[in-house]
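Please read the points with the structure open beside them.

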Amino acid sequence: MPFNVRALRDVDIHEVPLVSYSGKDRQPAYAPPTTPLSHNLTVPEGKKMYEGSCHCQAVRYAVVSDPLENVEANDCNCSLCGGNGTLWTYHSPSDVHISGKENLGCYLFGIKENHHYFCKTCGVNVYEQRGEEDHVGLNVRLLDGYEDEVKKMTVKKSNGRNDA
Ligand SMILES: [Zn+2]
């Protein structure tokens, strides 16, 4: 029976040798949403628009960002990010649109400052935010075409496990 090794508290996920597995080998293959996402975001010169969704697609996001080849993603090994397998990029709230918010749950812990939002249907972590004015952290593993997009990014491994 498979189990989530990320949930083991005494294992640093950055230290676990990983073997790539393509879910595309199992049919039917996952397909990103085909209906347009309605939002008011505009794309200034030099920026790009990206979209992503949770697995069941009840929650979707659009973000205006620097091109991903110029973006650093944060792979944190703390007990929450490491357990969930999230990969973060950070954005101004005005550059992010979230749809399907009614399907989000919110997880708070510790000093209850950072709001971690996840889809209540499929359980996927979508974004995190400290306050209305602060940055939004997006889980870029949810990007449409993630496998190709993430190759463009620099991924920084951060040691939240031991820094927190
Ligand atoms: Zn979902």
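**Notes on the model**

1. Lys112 counts as exposed, because 8 C-beta neighbours lie inside 10 Å; by the convention used here, a residue is buried if 20 or more other C-beta atoms lie within 10 Å of its own, exposed if 12 or fewer, and partly exposed in between, with C-beta atoms placed from the backbone. Lys112 belongs to the loop between strand 6 and strand 7, and has a positive phi of about 55° although it is not a glycine. Helices (H or I, at least four residues) and strands (E, at least two) are DSSP runs, numbered from the N terminus.

2. This is a predicted model, in which local features need pLDDT of at least 70 and side-chain atom pairs count only at pLDDT 80 or more, while totals for chains, interfaces and linings use all residues. Residues are numbered from 1 along each chain as its sequence is written.

3. The protein chain contains three helices and ten strands, and from the N terminus on its elements follow the order β-β-β-α-β-β-β-β-β-β-α-β-α. Its radius of gyration is 16 Å, close to the 15 Å that the globule rule gives for 164 residues, so the protein chain is as compact as a globular protein of that length; the radius is taken over C-alpha atoms, and the rule is 2.2 Å times the number of residues to the power 0.38. Along the principal axes, the C-alpha trace spans about 45 × 45 × 30 Å.

4. Of the 164 residues of the protein chain, 24% count as buried. Among the contacts with a separation of 6 or more, 58% are between residues 24 or more positions apart, where a contact requires two C-beta atoms, placed from the backbone, to lie within 7 Å.

5. Three strands form an open sheet in the order 1-2-5, with antiparallel pairing, and two strands are taken to pair if DSSP finds at least two bridges between them. Strand 1 (48–53) and strand 5 (96–99) are the edge strands, each pairing on one side only, and the twist averages 15° from one strand to the next; axes are lines fitted to C-alpha atoms, for helices over the stretch in contact, and angles run from 0 to 180 degrees between N-to-C directions.

6. Within this sheet, strand 1 and strand 2 run antiparallel and are joined by six bridges, and Met49 has Val64 in strand 2 as its bridge partner. Strand 2 (residues 60–65) is also joined to strand 5 by four bridges, again antiparallel, with Tyr61 opposite Ile98 in strand 5. Five of the six residues of strand 2 are buried, and the strand is mostly covered.

7. The backbone deserves a look at two further places. Gln57, in the loop between strand 1 and strand 2, has a positive phi of about 70° although it is not a glycine, and it counts as buried because it has 20 C-beta neighbours inside 10 Å. The peptide bond from Gln27 to Pro28 is cis, with omega near 0°, and Pro28 lies in the segment before strand 1. For comparison, most residues other than glycine have a negative phi, and most peptide bonds are trans.

8. Why is strand 7 (residues 115–119) described as largely enclosed by the rest of the structure? Four of its five residues are buried, so the description follows from that count. Strand 7 pairs with strand 6 (residues 104–107) in the antiparallel sense over four bridges, and with strand 8 (residues 125–129), also antiparallel, over four bridges. His116 in strand 7 is the bridge partner of Tyr107, while Tyr117 stands opposite Tyr127 in strand 8.

9. His115 lies in strand 7 and counts as partly exposed, because it has 15 C-beta neighbours inside 10 Å. Leaving aside residues up to four places away in sequence, His115 touches Cys106, Leu108, Glu128 and Gln129.

10. The largest nonpolar core has 22 residues, and those with the most contacts inside it are Tyr61, Val63, Val126, Tyr127, Leu138 and Val140; such a core is a set of buried Ala, Val, Leu, Ile, Met, Phe, Trp, Tyr and Cys residues joined through C-beta atoms within 7 Å. Strand 2, strand 3 (72–76), strand 7, strand 8 and strand 9 (136–139) each supply at least two residues of this core.
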